[in-house]
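I opened my notebook today to get to know a structure that was new to me. Here is what I looked up, entry by entry.

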Amino acid sequence: MLRVLMTAVGELCVVTLLLWLLPAIAFGDDTRFVAPIPSPEVVRGFDPPEQRWLPGHRGVDLTATPGAAVRAAGDGRVRFAGEVAGRPVVSIRHTDDLITTYEPVRASVREGQSVRHGTVIGVVVAGHVGCPAVACLHWGARRGSGRAAVYLNPMALLGAVRVRLKPVEPDGVRLSGGLGDARPAGVPR
């Protein structure tokens, strides 16, 4: 019984360490990224599809006002500045094959231009489909391209993603610290 508890505590320590280290590994030093608009308020969150070809929301929608300045979230090079399916889009390639996208944004930068985090790259244009506010900025992030692309929650670049672990009672051992009411997955309360 004590051995099971010690194993559970050890695993919890490893998971905690990984959760602390993984954002730095996945995104590099996250202090180099800034929000693309001041005080971002998410009105539609990141909802990746189960399979890459299925519907989902591959970024976040942030409330904005038409004409608001949009800033590069991190240092990089403008990969694209133009229209996609009639919508103005700016895309920036950062280090480690990370790409961020911003739409609808009327670009003030050109393809190939180097930008630093915080550089104004354009302004928000009203008319983002599905936006419940006057205007929204859709901000996306992905690592890689083509079939190897992995969509990421861009809010993680700001350290704004909370990971919550559900405690589990190993072999019926009651965990202390207020976690004793936890149940393994599938066990009703």
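**Entry 1: strand β2.** Is strand β2 (residues 60-64) largely enclosed by the rest of the structure or left open? I found four of its five residues buried, so β2 is largely enclosed by the rest of the structure. Buried here means under 20% relative accessible area, exposed means over 50%, and partly exposed lies in between (1.4 Å probe, protein chains only). Strands are DSSP runs of type E with at least two residues, numbered from the N terminus.

**A note on the model.** I am reading a predicted model, in which local features need pLDDT of at least 70 and side-chain atom pairs count only at pLDDT 80 or more, while totals for chains, interfaces and linings use all residues. Residues are numbered from 1 along each chain as its sequence is written, and side-chain values use heavy atoms, with hydrogens and water left out.

**Entry 2: partners of β2.** Next I looked for pairing, which requires at least two DSSP bridges between two strands. Strand β1 (residues 42-44) runs antiparallel to β2 and is joined to it by two bridges, with Val 42 opposite Leu 62. Strand β10 (residues 135-143) is also antiparallel to β2, and here I counted five bridges. In that pairing, Val 60 stands opposite Trp 139.

**Entry 3: the nonpolar core.** I then met Trp 139 again, as one of the residues with the most contacts inside the largest nonpolar core, which has 26 residues. Such a core is a set of buried Ala, Val, Leu, Ile, Met, Phe, Trp, Tyr and Cys residues joined through side-chain atoms within 4.5 Å. Strands β2, β5 (87-93), β6 (98-103), β9 (120-124) and β10 each supply at least two of its residues. The largest share, four residues, comes from β10.

**Entry 4: Thr 100.** I looked up Thr 100 in strand β6. Thr 100 counts as buried because its relative accessibility is 0%. Its side chain makes a polar contact with the side chain of His 94 at 2.7 Å. A polar contact is a pair of N or O atoms within 3.5 Å; within protein, one must be able to donate a hydrogen and the other to accept it, and residues adjacent in sequence count only if both atoms are side-chain atoms.

**Entry 5: salt bridges.** How many salt bridges are there? The count comes to three, taking a side-chain nitrogen of Lys or Arg within 4 Å of a carboxyl oxygen of Asp or Glu.

- Asp 75 and Arg 116 meet at 3.0 Å, N to O. Asp 75 lies in the loop between β3 and β4 (76-84) and Arg 116 in the loop between β8 (114-115) and β9, so this pair ties together parts 41 residues apart in sequence.
- Glu 103 pairs with Arg 87, the closest N and O atoms being 2.7 Å apart. Glu 103 is in strand β6 and Arg 87 in strand β5, so parts 16 residues apart in sequence are tied together. Glu 103 is buried at 13%, whereas Arg 87 is partly exposed at 35%.
- Asp 97 pairs with Arg 93, with the closest N and O atoms 2.5 Å apart.

**Entry 6: Gly 144.** Last, I followed Asp 97 to Gly 144: their C-alpha atoms are separated by 5.5 Å, though the two are 47 residues apart along the chain. Gly 144 lies in the loop between β10 and β11 (150-152) and counts as buried at 8% relative accessibility.
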